[in-house]
Amino acid sequence: MSYTGGSSRLPQLLGAYLDAFRLKGGDSGGRLAAEQYLSTSTGIYHGEVIAIGFIPKIYDMTTLVELDAIASLTYGILEKVTKRYLEDPLYRPFFCFPPALERLICLPTGYDCLIPIMRMDLFLNEESMDFSFCEFNTDGTSAMNEDREGSAALLCSPTFQELASDLLLEPQELFDGWVDGFLSIYASSEQAVEAPCLAIVDYTASGTPHEFEEFRRRFEARGLTCMVCDVPDLRYQDGSLMGVDVSEERARQGMQKIDAVYRRAVTGEVLADLSFDESGMECVGVRALVRAVEEKSICMIGGFTTHVAHCKQLFAVLHLPETQAFLSAEENAFINRHVPFTTRLDADCISLAEIKADKDSWIIKPEDGYASKGVHAGIDFTQKEWDEVIDRCSRQPYIVQSYCPQYATPNLVANPKQGHAKELEAWNNLTGLYLYGGRFSGIFSRAGQKGIIVGFAGGITVPNFFSAYDPAAGLALRTRPVE
């Protein structure tokens, strides 16, 4: 099915939930129960218990089919662009990657799927279903556990319990789908072996350990050996990648040979940590990981190739005539409508004076960033502050992008550390579409009240539920029973 756009039932579903919430007098008991659940849960990000929106997102089948079409069309575009980057050296300079990064991206993966896992974040108008893309996350795609624990926190709410049977509400399942996707890609790879030892690999100081443990549990339920490894602990010895588990108990087993890697370490961190001058140096840490990929001694799912779709300058490249030339008319029209204007934050590319003068119309981002680090929206700054931000960031590798209107819905916060808000307020929404193996496989929702929607700027995780989900519809989405 191709994407066509159209009206949505999301406002009606939200209205039904809000009506039930108000009839419960604000459901203070349910909010207290949600906060108590979260306080002892694994819903933790960077050491902090997550705050959730007490009013969930509810998606009907018509909307899910529409989102599936959006995801499919977008993935097809990203796949074509990535393939062109790999095959055409004359196309690569448009991304302005340094040689070391270009070398990583071009390392072969041993399987056909160019972007095994990703989350495409967009600003979705829930009435018209029109939208603008925010960014594409491939490296380190995460937050599955935030949705899992957030939705579990709402199950004991009287509001939810009243509507669960009427609307046939089910939480989504985000872990098993990726385990299946990972194993399918692995089985197709040149390096596949029977009963592989799998390692989830990240810089664990910046990772999400509770999410890693949940994925470990799912992989081990399939009979696999699964480790969680910190990049600096890796070793490359006698043609094998070796790792030790981060958990104290499992670390007693010592170094083990790794056959398959689920990469969660983002390429930017890898590149910053990597020296290609290895003469006289022991092959450890990130050098061990790269050497194992180079020599095809492991299958790394989430190859460095995915950085083409992940990088922020992609939005600018999508609008170039050189890109439009190999995309279809439908794909180019889709880009023109949904991908905001983007260019380098450089006086040679755009007038910095104009960016300063119209601050509320712009947002700037590091070219090679993730988790919204270093992202600044003009709307969040005074004029003097914004001028200083532009002066500072224009001397660094940054892009500037048209600031997209955000769609707001009523919500209120359940926060185990601060207590819940008393009144409904308007919260801007960010909708993330997970894709596993190129298929739309789930949703992540976040809301905020500032120019950027992220946890460190007061953002909250909003749990997602499906209404009357039909497994026979042919989508790759999964649900789990309400317990």
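With the whole chain in view, note that its radius of gyration, taken over C-alpha atoms, is 22 Å, which agrees with the value near 23 Å that a compact globule of 483 residues would have, the globule rule being 2.2 Å times the number of residues to the power 0.38. The C-alpha trace spans about 70 × 55 × 45 Å along its principal axes. This is a predicted model, in which local features need pLDDT of at least 70 and side-chain atom pairs count only at pLDDT 80 or more, whereas totals for chains, interfaces and linings use all residues. Residues are numbered from 1 along each chain as its sequence is written, and side-chain values use heavy atoms, with hydrogens and water left out.

Select next helix α5 (residues 144–154) and helix α8 (residues 209–221), which pack at an angle of about 90° with their axes 9 Å apart, the axes being lines fitted to C-alpha atoms over the stretch in contact and the angles running from 0 to 180 degrees between N-to-C directions. That makes α5 roughly perpendicular to α8, a term that covers 65 to 115 degrees. Show the side chains of Met144, Asn145 and Arg148 in α5, which meet His210, Glu211, Glu214, Phe215 and Arg218 in α8.

A polar atom of the Ser441 side chain lies 2.8 Å from the backbone oxygen of Arg439. Beyond its neighbours within four places in sequence, Ser441 is in contact (heavy atoms within 4.5 Å) with residues including Glu173, Tyr434 and Leu477.

Technical notes. Helix = DSSP H or I, 4+ residues; strand = E, 2+ residues; numbered from the N terminus. Parallel < 35°, antiparallel > 145°, perpendicular 65-115°, else oblique. Polar contact = N/O pair within 3.5 Å; in protein donor to acceptor, adjacent residues only side chain to side chain.
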